[in-house]
Amino acid sequence: HLATCLNRLGRHDDALARASDPAAAQQYPERALHERIEALIGLKQARELIGPLNAYVPKCPDLRARAGTVLREAGCNAEALGQFAIVARARPDDRYALWAIGDCLVALGRRNDAVEWFERAELAYREDGDGVKAEICHRASDQARGRRGVFAWLFAR
């Protein structure tokens, strides 16, 4: 499939055109949709990703995690949350997905729900021996709870 090759070469505009071609979409519907999503991720077109992702049936955790990242960075937190939830179901130990779910929940105002996800991510990072990322998750959990350091509390205005 030509769109696959174009995406791998970083020519996402050309890949998007090929994957959107009605003949390709009719002959290889799932593959064409996959490559269309890949191209939209490469182009960081978050809003345009939503429809194709909803129509795409396979779990494809790697694809969905990359799409979730583009959506989260664009502020489409509800849509990103859905993608990261699919990733977390497929790969329950995916530390980044666990953290990203928490981050999306905070952005959606669901701070209490986010705490659990940050804690799960922290535990997974600690189990892997990644203390730096575990500490980031711990701080995110504290922020979601509304905890602040002693000095922040003493000198808050």
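Helices (H or I, at least four residues) and strands (E, at least two) are DSSP runs, numbered from the N terminus. This is a predicted model, in which local features need pLDDT of at least 70 and side-chain atom pairs count only at pLDDT 80 or more, while totals for chains, interfaces and linings use all residues. Residues are numbered from 1 along each chain as its sequence is written, and side-chain values use heavy atoms, with hydrogens and water left out.

The protein has 11 helices and zero strands. Its C-alpha atoms fill a box of roughly 65 × 35 × 25 Å, taken along the principal axes. Of the 157 residues, 43% are buried; buried means under 20% relative accessible area, exposed means over 50%, and partly exposed lies in between (1.4 Å probe, protein chains only). The accessible surface comes to about 9,200 Å², and carbon and sulfur atoms hold 51% of it. Such areas come from the Shrake-Rupley method with a 1.4 Å probe, and for residues only the protein chains shown count as cover.

Next, a pair of helices. The axes of helix α4 (residues 29-42) and helix α6 (residues 61-73) come within 10 Å and cross at roughly 35 degrees. Axes here are lines fitted to C-alpha atoms, for helices over the stretch in contact, and angles run from 0 to 180 degrees between N-to-C directions. On the α4 side, His 34, Ile 37, Glu 38 and Ile 41 meet Leu 63, Arg 66, Ala 67 and Val 70 of α6, where contact means heavy atoms within 4.5 Å. These residues divide into five nonpolar, one polar and two charged. In this count, Ala, Val, Leu, Ile, Met, Phe, Trp, Tyr, Cys and Pro are nonpolar, Asp, Glu, Lys and Arg are charged, and the others, Gly among them, are polar.

Helix α5 (residues 46-55) has Ala 46, Leu 49, Ile 50, Pro 52 and Leu 53 as its buried residues. They pack against α4, α6 and α7. In helix α7 lies Gln 83, which is buried because its relative accessible area is 6%. Leaving aside residues up to four places away in sequence, Gln 83 touches Leu 53, Arg 64, Gly 68 and Leu 71.

Which aromatic residues form one cluster? They are Phe 84, Tyr 96 and Trp 99. A search of the whole structure finds two aromatic pairs. Rings of Phe, Tyr and Trp (its six-membered ring) pair if their centres lie within 6.5 Å; planes under 30 degrees apart count as stacked, over 60 as edge-to-face and the rest as tilted. The rings of Phe 84 and Tyr 96 are edge-to-face, because their planes stand at 75 degrees, with the centres 5.8 Å apart. Phe 84 lies in helix α7 (residues 77-90) and Tyr 96 in helix α8 (residues 95-107), so this pair ties together parts that are 12 residues apart in sequence. Phe 84 counts as buried because its relative accessibility is 0%, whereas Tyr 96, at 29%, counts as partly exposed. Tyr 96 also pairs with Trp 99 in a tilted arrangement, 5.9 Å from centre to centre and with 35 degrees between the planes. Both Tyr 96 and Trp 99 lie in helix α8, three residues apart, about one turn of the helix. An α-helix has 3.6 residues a turn, so residues three or four places apart point the same way.
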